[in-house]
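This report is for a reader who is new to the structure shown below.

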Amino acid sequence: MKKHRYQKLLEQIVNSAVKQEGDFHATAKMSAELLFEQLDVSRVVISGLSEESNILELVCNEPVIALNIEHKSRPQPSASPIFVEELRVNRHVVSDDCIKDSRLIELIEYYQQHGVKAALEVAIRINGHLEGVLSLERNAEISAWQDSEIQLASQVADQLALTLATKYSYDKDERLKLFLSATEQSDQIMMVVNLASANIEYVNQAHFELTNISKDQVVGRPVQTLEFFKQFPEKAESLLVKARAGDSIEEEIKLVRRDGSDYWVRLSVKRFISERGNHFALINADNCTEQHLHQRELERLAWRCSLTGLYNRIHFGKVLDKTKEGHLVLIDLRGFKRFNDTYGHANGDLMLVEVARRIRHFAEINQIAEIARIGSDEFAVLISASQDANVTNGLIERLYSQVELPVSIGIEQIEPKPALACVDIASIEQLFPALTCADIALQYAKNKQGNAIQVFNSALLNAFKDDAQIERDLAVAIKGRQFELYYQPLKDLKKQAYIGAEALIRWHHPKKGVLYPGAFIDIAEQTGLITDIGSWVLEAACKQLNLWQHRQIDISMHVNVSARQFFGGTLFEQVWELIGRYRLKPHSLILEITETELMEDIRSATNLCNELAELGVGLAIDDFGTGYSSMRYLKQFPITKLKIDRSFISDLSISHESREIVSAIIAMASALNISLTAEGVETKEQELFLADHLCHQAQGFLYSPALRVSEFGEFLEKSVLVH
Ligand code: C2E
Ligand code: CA
Ligand code: CA
């Protein structure tokens, strides 16, 4: 009868839905209730060992303790090793007098607190592993535990173990499914590769979305079937080697789909080792095409010149910083600003685009990777180090001659007039930045006749250092009264009399002796010191002119004005003030500015010239004929005088062309009613030619070099005596 009841109890548990679903809590509760009903026990306690913490948790306690004592939970496995060992080995502890039972010594306090006299403790085990305890407790000593009771408790404990096992496997399954559907949902490609067999074990849906290659064409196959391997066999192989070695990998690659479209992926590969010790690689890949294109666009905007498409100065600078050898070549277009002003910006752009095209073409043919536009009219080329010197020189000359070819602008053929500088990067050994050296060489190149090519060398470097010294010395020269004006007479060829003087600066350098302007004017101009020097010159010249006028010496004073001074914004005020202070006669002061400088900014030049003309100050164009001559603008300026550059005069006797040019200039000046001075007249023959062609005035060593003021006075007196 009892056996039958016990059998029914068991069946109830076995067949219960909660047990089949692996609901341990509900099954434990049900089991505890049934056991409590069927057996003569005071309490049924079922505890489960929590998976994570290995702590025995009370799952079910029947009947619920309503006594007014604090419920004390059973000692944890860590605190009851004897008990646990007993359960592990013997499966249960049957004790009719548990307070005195040495096997239960660790539980005595608990038993006492709950008034337990007899206890039947049964292990809930899976594969021999303790998962929980089923405890039957009796508070009164009724009778000894019967075998049938022990058997029933063991069977119930087995069912509880089974429930737990079901629960674990359901949990595991559930988790697996959860992970799987999560990875399937991901937009990121996830792929698992077995590193031993190189087979693809898994790939998620995202792979199909990106590649259009279905899963069954991938899973179970060797990685070598992947497009990545087909398109980049070497790289892919090396990735596999790295992955096997356990190195993490991140990489961006461009792949082509079967339909020919391409896309960028960002790959990351990580090795992991499974519980069983197998090596796998987890490959994550993102479609980063859009980011990549965006990035590229940003880089293009940041690093490229929008007009020519070449790299810009920022990018080139970065590359150059990392470059330790090879040649840096700079190409500058001389007179480009002038060209731009004369022909308009649209044509200026055409010229730049064409020059850029030629440089790019040159770079492609010669496998030169780095070319850039680093300034408005400045281009840079980086020639790799492998070339020997002769090859490099040949390259440079070819580049120069290609850039030099005429460019068609409208119906005109315009010569770009390049200047080219070259620096052997290794040779400068971090003395100076390569660009600085190239700039230095470029200044020399620009001043060269013929092929304007200059290779940077130690002589240039020394000259540069000298210049730096000059720059330092110049700063104290004005205060130190180290400057002096010399005067060179201008002769009127018709009147055969000296009618003017050009003030030419000399520097009494404390160490170097007398320095001519060629040694320092450019430096002063570049550093801005010219503003102070120019002001001093103007003042000194006006003061001298005042003295001459005071002594009834009727000559005009020619003062050279540099571009920076001319466009500096204060020239008019200065001149206005000086004319007032020294009460200079109108038209006795003439400012000289070179043609090229004047054309730098035609609009402000025109305004200033008009204002100066109103003050009665003359304006002479210096070195006329050496720049781009634009007759159009000559008419626009209120010019008093042209000074024909001395290169034409010195060539007069030998060059038919120079004779033609000089007579053309003379004809033009007389047509425009502009006065003319020929510079650098050294021979009687030259003077004769000029006089024959009705050139108004002449200046040069034939008459006198520039003289100190006292000598100039003597010179004038003598010449009056002569005539
Ligand atoms: P520039 O204005 O063309 O001055 C004429 C230059 O030619 C002077 O050289 C003069 O000494 C030289 N020269 C005169 N006659 C002859 C000749 O028959 N044969 C030869 N071979 N040369 C002759 P300098 O004094 O060395 O001046 C050079 C340049 O320096 C000037 O050229 C001018 O551009 C600049 N300069 C001189 N003084 C000043 C100044 O006070 N301010 C500014 N901004 N520049 C100045
Ligand atoms: Ca001059
Ligand atoms: Ca001159």
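Ala, Val, Leu, Ile, Met, Phe, Trp, Tyr, Cys and Pro count here as nonpolar, Asp, Glu, Lys and Arg as charged, and the others, Gly among them, as polar. By these classes, the lining of the second largest cavity has three nonpolar, one polar and three charged residues. The residues concerned are Thr211, Ile213, Glu227, Val256, Arg257, Arg258 and Tyr263. A cavity is a set of points, on a 1 Å grid over the protein atoms alone, where a 1.4 Å probe fits but cannot get out, and lining residues have an atom within 4 Å of a point. Grid points are joined across faces, edges and corners, and a volume is the space filled by probe spheres set on the points. The second largest cavity holds about 30 Å³ of space, and the whole structure has two cavities of 30 Å³ or more.

The model is predicted: local features need pLDDT of at least 70, side-chain atom pairs count only at pLDDT 80 or more, and totals for chains, interfaces and linings use all residues. Residues are numbered from 1 along each chain as its sequence is written, chains are lettered from A and ligands numbered from 1 in the order in which they are written, and side-chain values use heavy atoms, with hydrogens and water left out.

**The calcium site**

Which protein atoms are the donors of the calcium ion (ligand 2)? They are Glu502 (OE), Asn560 (OD1), Glu592 (OE) and Asp622 (OD), at 2.1 to 2.3 Å from the ion. Donors are N, O and S atoms within 2.8 Å of the metal (3.2 Å for Na, K and Ca); water is not among the atoms, so sites may look incomplete. Along the chain, the donors of the calcium ion (ligand 2) follow the spacing E-x57-N-x31-E-x29-D. Glutamate 502 belongs to strand E19 (residues 497–509) and asparagine 560 to strand E21 (residues 556–560), so this pair ties together parts that are 58 residues apart in sequence. Aspartate 622 coordinates both the calcium ion (ligand 2) and the calcium ion (ligand 3), which are 4.1 Å apart.

Strands (E, at least two residues) are DSSP runs, numbered from the N terminus. Buried means under 20% relative accessible area, exposed over 50%, and partly exposed in between (1.4 Å probe, protein chains only). Glutamate 502 is buried, at 4%, whereas asparagine 560 is partly exposed, at 28%.

In E19, 11 of the 13 residues are buried. Two strands pair if DSSP finds at least two bridges between them. The table lists pairings of E19.

| Partner of E19 | Sense | Bridges |
|---|---|---|
| E18 (residues 483–492) | antiparallel | 10 |
| E20 (residues 513–515) | antiparallel | three |
| E21 | parallel | four |

E18 and E19 form a hairpin with four residues between them, and glutamine 496 in the turn has a positive phi of about 55°. Aspartate 492 has alanine 497 in E19 as its bridge partner. A second hairpin joins E19 to E20 through three residues, and histidine 508 is bridged to valine 514 in E20. On the E21 side, glycine 500 stands opposite serine 556.

**An open sheet**

Five strands form an open sheet with mixed pairing, in the order E12-E13-E11-E16-E17. Strand E12 (370–375) and strand E17 (453–455) are at the edges with a single partner strand each, so one side of each is left without a neighbour in the sheet. Within this sheet, E11 (residues 327–333) and E13 (residues 378–383) run antiparallel and are joined by six bridges.

Definitions and conventions. 1 Å grid on protein atoms, 1.4 Å probe; cavity = no way out; pocket = protein on both sides within 12 Å on 5 of 7 lines; lining within 4 Å.
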